[in-house]
Amino acid sequence: MISYSVDESGIASIIFDDMDSKVNTLSMGIMERLSAYFNKVKEDTSVKCLVIRSAKPHVFIAGADIKEIQKLSTPEETFELVRTGQAIIQQCDDLSVPTIALINGVCLGGGLELALACDYRLACLSDKTSLGCPEVKLGIIPGFGGTQRLPRLIGVVKSLPMILTGKPVKVKKALKIGLVDRCYPEGFESHYLDVFINDILSEKGRKKILAKRKLSFIEWFLQSNIFGRAFVSSSSKRTIRETSKGHYPALLLALRSVMKGIYRSLEDGLELEAKYFSESFKTAIPSYLINLFFSQETQKKAMVSSIKPLPIRQAGVIGAGLMGSGIAWSFSHRQIPVVLKDIKELDVLKGLKSVDSINKQLLKRRRLTKREVNLAKFSVSPTLSYTELKSVDFIVEAVLEKMDVKKGVYSELESLVKPTTIIASNTSSLSIDELAENLDKPERFIGMHFFSPVNRMPLVEIIPSKHTSNETLATTLAIVKKMNKTAVVVKNCPGFLVNRIFLPYVNEAMYCLLDNASIPRVDTVLENFGMPLGPLSLADQVGLDIGVSVLEVLHNAYGERMEVPEFALNALHERQFLGKKSGKGFYLYNGKGKRVNLEVVDLLNAFKLGESLDLSDQDIFERCIFVMINEAARCLDEGIVKSARELDLAMIMGTGFPPFRGGLCCYADSLGIDYIVERLEYFSRLFGSRFEPCELLVKIAQNKGILSNKE
């Protein structure tokens, strides 16, 4: 809904308030109404000033209607829609009366582009106020003037990071860079708006505001001449190549739109922007990323249970290692006091240091203030005693990944804590049912698998046991939501979902080494596909001891298809190659650099059997990726996860599977399931039963179906 009114003093207001949504969006229906209101302002000579505002708390306008963008089918249709939207936004720019965007919260995408078309921007001084151009995260570029008006307002140098990263800026930074003209304290909107209107209606006040918008000499120089623009363009291209590796074409399109538009007229620049916007739809990437966006939104709704969660006033974490300290930080960061326990004082101190280190990283990135970092130290209480946990409401156990060790913790813990205290295990592969079998109250026990590093990885697998109560599940989901993470509920099985699918990929990379592929080559092939880190580099980073331990659990459960190569067991147990933490793994680590560990190369030569194969890059890639697709299909067939949509989301958020591929199942469909089955059968004949295609894949191939709609 959008409404229009004019008060007795001649101040017109356009108010956004979508009654059917928590946020306001710029659908074409809303845009048509907006156009009509702009015409009213234009024709009404009594109007002295126009204020565009929102009736929703902490939300101005969240952007364009993504569902409408998703329906676009041709470049011509896309171009026309964007040009229509640009023309409506331009109506605001063309008004003869002063226009103000009163930004009371989230102002993103099309919302910011509308605000940029206003003469002035007044923003609420709140942590919930953010301004940004997130379009590149959807594989597209700003289309309603963002690449043209933003550089003209704050300069190319300041606008490019906003446009090319898609990251929003908080209100204080927006004020500093000149994106907003003035801020007002929360709760004092009416008074500050009246003062601001009086200022802009007076020549003196207007000049004072506009004087603050001047660019620095360096900023002006870099965008005002061909040599400066060439320097900015080339350095930005270099950064794009390094960060995206050519996988996100929208980044270069956005850069071109900015750099070619800045020395043209606004009218010509907008036409150029529409052209590049429509070009971004020439690949399937926007479709994949938009689907991922909706998948994330759907998952957020799925995390809200109809059952009321228990209140969590204090949490506990047992185990102060890398995972435990990360989990403790996640509680602390969301204002949940946490008790951090370990058996040795030195280990607890290391855990506290890890928590503080994460906060200092955020301070360096200006995500936290010094005061917040200092206060955070008081929210994590160290202890060596279980008695300090007796009053907590939620406990996460993150000790050694061994069944007897974990059960020993529960036997000491259960009699001490409150009857309502929930106990969660951060196991990555052990059976939740077996862990719960000796508990007096198994209904309050649940699996809660975080991913490393906890402060950066957004996924948490939630694994109820056969006894877990709905109240325990609802409370755990609420905790994950409070941590600002995404939960995927999966059934109990060895490896659960993500590790069960992903570890065979790492395992197959090791088998490729036995077939004469070099360590750097295997990593490069998979990194070129879009994985953030090659499988062997990742194994080193996680720790070969941890990876092999989980693989052995999977081998015991699933048999030959998960068998660990003998050379890897030798490297771990005989030679103590633990990966990066020991300085030796597949690579040798010295400072920030790394090089191939020649001892592993010698070890591989000793374990190679038969004739060496001449593997192509395609062979390496397909062997590693197709074993994941095969295992993913098994998980769907067994109902380990509810849908292929959730599986794809989990693999992207838990392993870094490239989002621009749409997800594992989506990518499989793009290749064709019949082709994948054909190649799996070929590899099975060469390398054994670990490649034998599962029943579901064979059935889908026979029926010419797709995997990504499997429920």
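1. Helix α24 passes helix α25 in a left-handed crossing (the near helix turned anticlockwise from the far one by less than a right angle). This is a predicted model, in which local features need pLDDT of at least 70 and side-chain atom pairs count only at pLDDT 80 or more. Residues are numbered from 1 along each chain, and side-chain values use heavy atoms.

2. The axes of α24 (residues 544-558) and α25 (residues 566-573) come within 10 Å and cross at roughly 135°, the axes being lines fitted to C-alpha atoms over the stretch in contact, with angles from 0 to 180 degrees between N-to-C directions. Helices here are DSSP runs of H or I with at least four residues, and strands are runs of E with at least two.

3. There are 30 salt bridges, counted where a side-chain nitrogen of Lys or Arg is within 4 Å of a carboxyl oxygen of Asp or Glu. One of them joins D17 and K56 (3.3 Å, N to O). D17 lies in the loop between β2 and α1 and K56 in the loop between β3 and β4, so the pair ties together parts 39 residues apart in sequence.

4. D619 and R679 form a salt bridge, with the closest N and O atoms 3.1 Å apart. D619 sits in α27 (residues 617-638) and R679 in α30 (residues 673-687), 60 residues apart. Both D619 and R679 are buried (under 20% relative accessible area, 1.4 Å probe, protein chains only).

5. A network of salt bridges links R500, R561, E631, R634 and E638.

How values were computed. Buried means under 20% relative accessible area, exposed over 50%, partly exposed in between (1.4 Å probe, protein chains only).
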